[in-house]
Amino acid sequence: MNIGEKIGKAIKKIKNKLIVSFILWLILVVVFVAPLANSIHEGMLVGNLGINGGAAWEAFFAGIAKYIVNPFLALGQALSGSTDGMFFSVLWKFTLVYIFAVTIGITKALPKHEYDGIENGSSDWCINGEEYKTLSNKKGIILAEKEYLPTDKRGNVNVLVVGRFRCW
């Protein structure tokens with residue numbers, strides 16, 4: 001298996017996680033980043049007027065209270081350019097932290113080895129039909145859904161059944 005195939009399999013495995021991560025990022029940008037950027041801008045405006053630092057913090061927290069309940073107003077103001085680029089400054093920093101966190105989360109969630117999720121002792125571990133060197137996929141003693149022990153095989157055809165036997 002070459003590197004391209006491995007990368008393709010990895011992307012296929014985490015595709016759903018990436019979609020969910022992107023949707024969560026979009027929601028957080030609207031609900032968190034836009035109100036935060038507008039509030040920082042308002043606090044800086046008050047602070048640049050030369051008023052004491054307490055007033056700048058009051059303006060910041062008043063802006064958070066105003067924009068957090070109406071995030072689309074904050075997003076509209078942020079995208080209109082009225083925040084003097086503060087939105088995009090906060091957005092790229094938030095995005096870097098978010099990508100780092102998502103990368104760590106997805107890395108921790110990935111299987112530790114190639115046999116995760118495959119039943120132990122399953123013929124799914126076999127490659128290119130090598131299980132049919134001793135078994136048959138057509139007829140014989142039923143071992144599994146698509147696995148049969150041929151009765152016309154020479155040698156030992158004893159079967160040890162471990163577990164339950166159910167008839168459907």
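This is a short tour of the structure above, moving from the whole chain to single residues.

The model is predicted, so local features need pLDDT of at least 70 and side-chain atom pairs count only at pLDDT 80 or more, while totals for chains, interfaces and linings use all residues. Residues are numbered from 1 along each chain as its sequence is written, and side-chain values use heavy atoms, with hydrogens and water left out.

**Whole chain.** Colour the model by secondary structure. The protein has four helices and two strands, in the order α-α-α-α-β-β along the sequence. Helices (H or I, at least four residues) and strands (E, at least two) are DSSP runs, numbered from the N terminus. Now show the surface. The protein exposes about 12,800 Å², and carbon and sulfur atoms supply 64% of that area; accessible areas come from the Shrake-Rupley method with a 1.4 Å probe, and for residues only the protein chains shown count as cover. Of the 168 residues, 24% count as buried. Buried means under 20% relative accessible area, exposed over 50%, and partly exposed in between (1.4 Å probe, protein chains only).

**Helix H3.** Select residues 71–80, which form H3. Which residues of H3 are buried? They are Pro 71, Ala 74, Leu 75 and Ala 78. These four lie on the same side of H3 because they cover an arc of only 100° around the axis; the arc is that of the directions from the helix axis to the C-beta atoms. An α-helix has 3.6 residues a turn, so residues three or four places apart point the same way. Turn to the face away from the buried side to find the exposed residues Phe 72 and Ser 80. After H3 comes Gly 81, with a positive phi near 95°.

**Asn 38.** Next select Asn 38, in helix H1 (residues 3–48). Asn 38 is buried, with a relative accessible area of 2%. Not counting residues up to four places away in sequence, Asn 38 touches Tyr 67, Ala 74, Gln 77, Ala 78 and Thr 83. Contact means heavy atoms within 4.5 Å.

**The core.** Select Trp 25, Val 29, Val 33, Phe 87, Leu 91 and Phe 94, the residues with the most contacts inside the largest nonpolar core, which has 19 residues. A nonpolar core is a set of buried Ala, Val, Leu, Ile, Met, Phe, Trp, Tyr and Cys residues joined through side-chain atoms within 4.5 Å. H1, H3 and helix H4 (86–109) each give two or more residues to this core, and H4 gives the largest share, eight residues.

**Phe 87.** Finish here. Leaving aside neighbours within four places in sequence, the contacts of Phe 87 include Val 29, Val 33, Leu 75 and Ala 78.
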